[in-house]
Amino acid sequence: MGETARILRNGAIATMQQGEDAYGLIDKGALVIEGNRIAWVGAEADLPDVYADLYAEDLQGRLVTPALIDCHTHIVHGGDRAREFEMRLNGASYEEIARAGGGIISTVRATREASEEQLLADALPRVDTLIGEGVTLLEIKSGYGLDMETELRMLRVARRIADERPVEVRTSFLGAHAVPAEYKDRADAYIDKVCIPALRQAHAEGLVDAVDGFCEGIAFDVAQMERVFIEAKSLGLPVKLHAEQLSNLGGTKLAADYGALSSDHIEYLDEDGVKAMAGAGAVAVLLPGAFYCLRETQVPPIALLREHEVPMALATDINPGSSPINSLLLTMNMGCTLFRMTPEEALAGTSRNAAKALGLNDRGILSADMRADLAIWDVKHPAELSYRIGFNPLHSRIFGGRS
């Protein structure tokens with residue numbers, strides 16, 4: 001047994017393992033950490049004798065959960081879009097702003113002008129806020145460069161965040177996010193001349209964990225996205241997709257056909273699309289922050305997702321335009337209040353199912369041999385994490401076995 005082994009005892013442990021008991025909750029539980037892994041978890045009364053001499057930390061009844069995971073973010077970007085926030089409040093739609101040169105394209109301009117150091121400096125405070133809420137893993141997308149140089153710069157910055165902060169980062173190439181101004185009305189040419197070559201280069205530099213896209217009327221159609229997915233598969237990269245956010249173009253069915261990790265947003269998804277996700281084992285990543293900020297009224301098909309047993313994840317979608325939300329705890333509350341998810345679904349959506357949405361199977365639940373990424377909370381019951389608004393009850397965070 002290693003010198004770093006220790007016990008956390010006298011806690012309420014929400015293992016988040018699927019079973020009959022909500023949250024997989026163990027009252028008066030204990031958990032043994034060895035190195036960066038969980039060695040044992042269960043009722044304290046059942047603690048094996050082999051661990052009897054280990055240092056034990058008394059949690060004083062606090063709640064222990066898997067550390068939180070934010071599985072869909074655009075946290076690296078230049079500038080802000082506060083003016084567009086005002087425009088939306090004065091009646092302009094998301095699509096109207098985008099077609100007028102705002103939206104994603106305005107952030108592209110600001111991101112292209114920002115240096116790597118500036119992008120990193122701007123991103124770190126946002127990352128720090130998530131870490132302060134118990135997050136140990138986040139996904140970060142490119143997609144605000146839309147040229148070779150800036151897409152690569154964004155991905156390099158995302159990778160550097162893990163060197164600067166105690167957090168793990170997974171990167172997604174999102175070159176098919178929007179058509180840049182210089183390729184206006186030439187989306188096919190953009191895919192061929194910029195997006196796919198940039199993807200190849202990013203992969204060659206080891207900067208990509210997955211490939212994403214935006215399949216929507218203001219972005220790319222199914223045929224264009226399929227060309228990107230074909231390239232991703234040829235490189236051995238998993239895919240995911242922003243789909244059915246503003247309309248139903250069939251992007252989710254395409255993503256399912258390519259074995260996507262997830263389909264994200266999906267407010268306009270129909271039952272056929274849900275069945276496709278179920279068949280592919282894809283995760284539905286729900287983004288209530290964008291729903292809230294865009295004042296949408298079409299909610300995702302929660303009942304159908306439950307009926308067909310599609311796992312639901314929740315994420316902040318942190319971005320400067322449609323979801324400038326920097327709190328995963330608030331996102332959990334929004335998932336409950338806006339989408340009528342249960343608090344158990346919200347916590348599963350930011351732990352077990354969020355890990356699945358990133359293709360990871362060694363975290364998101366508390367059990368033996370899983371990575372020791374934990375959050376310890378000054379609450380008694382896990383429902384409190386979704387119940388309170390604007391309140392952060394984090395007591396401490398353990399990342400890879402280290403406090």
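Student: How much space lies in the largest cavity?
Tutor: About 100 Å³. A cavity is a set of points on a 1 Å grid over the protein atoms alone where a 1.4 Å probe fits but cannot get out, and its volume is the space filled by probe spheres set on the points, joined across faces, edges and corners.

Student: Which residues that line it are closest to its centre?
Tutor: Tyr-94, His-177, His-242, Asn-319 and Ser-322, out of 13 lining residues. Lining means having an atom within 4 Å of a point.

Student: What kind of model is this?
Tutor: A predicted one, where local features need pLDDT of at least 70, side-chain atom pairs need 80 or more, and totals for chains, interfaces and linings use all residues. Residues are numbered from 1 along each chain, and side-chain values use heavy atoms, without hydrogens or water.

Student: Which residues does UniProt list for "binding site"?
Tutor: The unreviewed entry gives Arg-81, Tyr-144, His-177, Gln-245 and Ser-322. Such annotations may be inferred rather than shown by experiment.

Student: Which of that set does the lining of the largest cavity take in?
Tutor: Arg-81, Tyr-144, His-177, Gln-245 and Ser-322.

Student: Is Arg-81 buried or exposed?
Tutor: Arg-81 counts as buried because its relative accessibility is 6%; buried means under 20% relative accessible area (1.4 Å probe, protein chains only).

Student: And Tyr-144, buried or exposed?
Tutor: Tyr-144 is buried too, at 2%.

Student: What is Arg-81 in contact with, leaving aside neighbours within four places in sequence?
Tutor: Among others, Tyr-94, Ser-106, Tyr-144 and Ser-322, contact being heavy atoms within 4.5 Å.

Key
On a 1 Å grid over the protein atoms alone, a cavity is a set of points where a 1.4 Å probe fits but cannot get out, and a pocket is an open set with protein on both sides within 12 Å along at least five of seven lines; lining residues have an atom within 4 Å of a point. Buried means under 20% relative accessible area, exposed over 50%, partly exposed in between (1.4 Å probe, protein chains only).
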